[in-house]
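Work through the exercises below with the sequence and the model side by side. Try each task before you read its solution.

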Amino acid sequence: MLRPDRRLVEVATGTVPVATTRHAARVLETASPPAFYVPPGDVQFAWLRPSRTRTFCEWKGTASYFDLVVG
């Protein structure tokens with residue numbers, strides 16, 4: 001189940017902010033804790049590099065990932 005979530009969601013490593021939003025989507029799955037998805041416009045892509053990793057979920061489809069590069 002997908003629900004909009006207007007709470008403040010912050011993603012950081014140490015003192016480096018990677019994402020900040022009040023426009024997250026919260027995914028509720030039966031056997032997992034909730035997952036928060038952040039809109040791309042609220043992510044600081046300067047800290048991220050595309051990864052070669054790809055996964056597939058029968059419900060959500062293909063996912064691609066980023067590596068965090070700080071320092």
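**Exercise 1. Burial and overall build**

What percentage of the 71 residues in the protein is buried? Then describe the fold in outline.

Solution. Keep in mind that the model is predicted. Buried residues make up 15% of the 71. Next, list the secondary structure: there are 7 strands and 0 helices. Read from the N terminus, the order is β-β-β-β-β-β-β. Now take the extent. Along the principal axes, the C-alpha atoms fill a box of roughly 40 × 30 × 20 Å. Finish with the surface. The accessible area is about 5,700 Å², and carbon and sulfur atoms hold 57% of it.

**Exercise 2. The largest pocket**

Find the space in the largest pocket and state which element gives the most to its lining.

Solution. Start with the volume: the largest pocket holds about 580 Å³ of space. Its lining has 21 residues, and Tyr37, Val38, Ser64, Tyr65 and Phe66 are the closest to the centre. Strands E3 (16–21), E5 (35–37), E6 (48–57) and E7 (61–68) each give two or more residues to this lining. E7 gives the most, with 6 residues. Sort the lining by type: 16 residues are nonpolar, 4 polar and 1 charged.

**Exercise 3. Ser51**

Is Ser51 buried or exposed, and which residues does Ser51 contact beyond its sequence neighbours?

Solution. First locate Ser51: it sits in strand E6. Its relative accessibility is 11%. The cut-off for buried is under 20%, so Ser51 counts as buried. Now set aside neighbours within four places in sequence. Ser51 is then in contact with Tyr65, Phe66 and Asp67.

How values were computed: Residues numbered from 1 in each chain as written. Predicted model: local features only at pLDDT ≥ 70, side-chain atom pairs only at ≥ 80, totals over all residues. Heavy atoms only, no water. 1 Å grid on protein atoms, 1.4 Å probe; cavity = no way out; pocket = protein on both sides within 12 Å on 5 of 7 lines; lining within 4 Å. Points joined across faces, edges and corners; volume = space filled by probe spheres on them. Helix = DSSP H or I, 4+ residues; strand = E, 2+ residues; numbered from the N terminus. Nonpolar A, V, L, I, M, F, W, Y, C, P; charged D, E, K, R; others polar. Buried < 20%, exposed > 50% of the residue type's maximum accessible area, 1.4 Å probe, protein only. Contact = heavy atoms within 4.5 Å. Areas by Shrake-Rupley, 256 points an atom, 1.4 Å probe, with all protein chains shown as cover.
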